[in-house]
Amino acid sequence: MSGNGSHRHPTLGAYFGVFVTLMALTALTVWAAFQHLGIWNTPVALSIAVTKALLVALIFMHLRYSPRLTAIAVAAAVAWLAILIVITVSDYLTRAWLPIYAR
Amino acid sequence: MADAAHALAGESPPELQHHFVDLEAQKEASSLGMWVFLVTEILFFGGMFTAYVVYRASYRAAFEGASNLLDIRLGAFNTAVLILSSLTMALAVWAASQGKKNRIVVFLSATILLGAVFLGVKVIEYSQKFEHHEVPGPHFVVPHGLPRQAEMFFSLYFCMTGLHALHMVVGIGLLSWLIARARRGDFTTRYNTPVEMVGLYWHFVDIVWIFLFPLLYLLGRHTL
């Protein structure tokens, strides 16, 4: 279970690098929000947010240096969250497509 | 190596619970348990994010207009504060892995301070919402020129940021507890699991805000 080097930790340089990147991405997302990107405003904002979340999880939370089992737990969270959102939205956003009750 | 020395002496380290083989196995169990807790937290917040997605898709104009009534400068400032607090938390975990008592206390205190700044800014934002009658309920006044579903946006805004702030308050409590333990000299190079586990929690709360900030503060700015 101990697996792939659970003792390794990121260097201090990695922490400061992630911090600077997170700050830059925050500035980027604020700038991008004011641009007229049509339908792309939200995808761009979410992509930046996911990148920031990954940086925090992988480096600050040591996920990159953790056992496989931890990664499986995180993958389970992402999978169930996707099920929750995708199935709910597939109901709500398609209701208007059918000329029946439940509006 | 310290474990081996204890094993040779026929005793187990005092931090080791009797049902674990060694400190490494104990730490891995703690870590996995904490991550599983965070999985439940992701799904807990996930329910609210789902509600947000559904209502935002249904009442697009109301959500974009109401979002623009939030103070983007305070929101961006708080995002920076929280990212900085994640850095100081990571540094506290690093100091704990080196067993450096004074540095642990310094970095944990800095994290608490930044968390308090975040909550202070939140108080300013909330009080502005009360003054402008933008808090859902009997005193809510539909902002000029917006559909009445703006109230739904503010309901979600207060639920999501309120629960996030509650997590911050809990986090500050945990950090205070860690400081007391660090002062007592509980954390060494061999045993520092509590610092690392609270670190995971604090970073998770940061991640929640990383999604809340664009979804609540930025969604309608391109329409301005």
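**View 1. Helices α3(B) and α6(B) where they meet in the predicted model.** In this contact, B:Ala62, B:Phe63, B:Gly65, B:Ala66 and B:Ser67 of α3(B) meet B:Ala150, B:Met152, B:Phe153 and B:Phe154 of α6(B), two residues being in contact if their C-beta atoms, placed from the backbone, lie within 7 Å. The residues of this contact divide into seven nonpolar, two polar and no charged, where Ala, Val, Leu, Ile, Met, Phe, Trp, Tyr, Cys and Pro count as nonpolar, Asp, Glu, Lys and Arg as charged, and the others, Gly among them, as polar. The axes of α3 (residues 60-67) and α6 (residues 150-183) of chain B come within 8 Å and cross at roughly 60°; axes are lines fitted to C-alpha atoms, for helices over the stretch in contact, with angles running from 0 to 180 degrees between N-to-C directions. The two helices are therefore oblique to each other, given that angles under 35 degrees count as roughly parallel, over 145 as roughly antiparallel, 65 to 115 as roughly perpendicular and the rest as oblique. Their crossing is right-handed, a crossing being left-handed if the near helix is turned anticlockwise from the far one by less than a right angle, and right-handed if clockwise.

This is a predicted model, in which local features need pLDDT of at least 70 and side-chain atom pairs count only at pLDDT 80 or more, whereas totals for chains, interfaces and linings use all residues. Residues are numbered from 1 along each chain as its sequence is written, while chains are lettered from A and ligands numbered from 1 in the order in which they are written.

**View 2. Helices α4(B) and α5(B).** The axes of α4 (residues 72-97) and α5 (residues 101-131) of chain B come within 8 Å and cross at roughly 165°, and these helices are therefore roughly antiparallel to each other. Their crossing is left-handed, and the residues of the contact divide into 19 nonpolar, five polar and two charged.

**View 3. The contact between chain A and chain B.** This contact takes 43 residues from chain A and 35 residues from chain B. On the side of chain A that touches chain B, α1 (12-33), α2 (41-60) and α3 (68-92) each supply at least two residues, helices (H or I, at least four residues) and strands (E, at least two) being DSSP runs numbered from the N terminus. The largest share of that side, 13 residues, comes from α3(A), and the residues of the side divide into 30 nonpolar, twelve polar and one charged.

**View 4. B:Val39 and its contacts in chain A.** B:Val39 is found in helix α2 (residues 23-58) of chain B and, leaving aside its neighbours within four places in sequence, is in contact with A:Ala73, A:Ala76 and A:Ala77. With 18 C-beta neighbours inside 10 Å, B:Val39 counts as partly exposed; a residue is buried if 20 or more other C-beta atoms, placed from the backbone, lie within 10 Å of its own, exposed if 12 or fewer, and partly exposed in between.

**View 5. Two histidines with positive phi, A:His62 and B:His133****.** A:His62, in the loop between α2 and α3 of chain A, has a positive phi of about 60° although it is not a glycine, and with 21 C-beta neighbours inside 10 Å it counts as buried. B:His133, placed in the loop between α5 and α6 of chain B, has a positive phi of about 55° and is likewise not a glycine; with 12 C-beta neighbours inside 10 Å, B:His133 counts as exposed.
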